[in-house]
Amino acid sequence: MLVEAGPEQALTWRTGHMRHGRGSLPDLFFPTDRSWLVSALWDDTWTCVGGPEPLINTLQRDPLTNVRWVRLDEDAMPPGLTRE
């Protein structure tokens, strides 16, 4: 399902996240211009962020995030995890 919504609507169109009951963000969201995206898909245990280098650099400096650069030709799965 693809839903077009503003920030307020996107936070209220569903309750909870499949990973835990504390959040209400969609599994995939991005702005209208598609300049970045966040993916927290139901079958992944990690969250992917794609966007311009300054955005990724800012996230990498944040001590609350565990950022790992992934090239377009690489698998985004974090090291040590395996696919079933």
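Exposed here means over 50% relative accessible area, buried means under 20%, and partly exposed is in between, using a 1.4 Å probe and protein chains only.

A quick word on the background. This is a predicted model, in which local features need pLDDT of at least 70 and side-chain atom pairs count only at pLDDT 80 or more, while totals for chains, interfaces and linings use all residues. Residues are numbered from 1 along each chain as its sequence is written, and side-chain values use heavy atoms, leaving out hydrogens and water.

Back to Arg71. Arg71 and Asp73 meet at 3.2 Å, N to O, and for Glu74 and Arg71 the closest N and O atoms are 4.0 Å apart. Asp73 is exposed, as is Arg71, whereas Glu74 counts as partly exposed because its relative accessibility is 31%. The structure holds two salt bridges.

Now let's zoom out. The protein chain has two helices and three strands, and along the sequence they follow the pattern α-β-β-β-α. These are DSSP runs numbered from the N terminus, with helices (H or I) of at least four residues and strands (E) of at least two. Of the 84 residues, 15% count as buried.

How are the three strands arranged? They make an open sheet in the order 1-2-3, with antiparallel pairing; two strands pair if DSSP finds at least two bridges between them. Strand 1 (28–29) and strand 3 (48–50) are the edges, each pairing on one side only. Strand 2, residues 37–39, pairs with strand 3 over three bridges, and Val38 has Val49 of strand 3 as its bridge partner.

Next, Leu41, which sits in the loop between strand 2 and strand 3. Leu41 is partly exposed, because its relative accessibility is 34%.

Finally, a look towards the start of the chain. Glu4 lies in the segment before helix 1 (7–10). Is Glu4 buried or exposed? Glu4 is exposed, since its relative accessible area is 76%. Glu4 and Phe29 are 25 residues apart along the chain, and their C-alpha atoms are separated by 9.5 Å.

How values were computed: A salt bridge is a side-chain nitrogen of Lys or Arg within 4 Å of a carboxyl oxygen of Asp or Glu.
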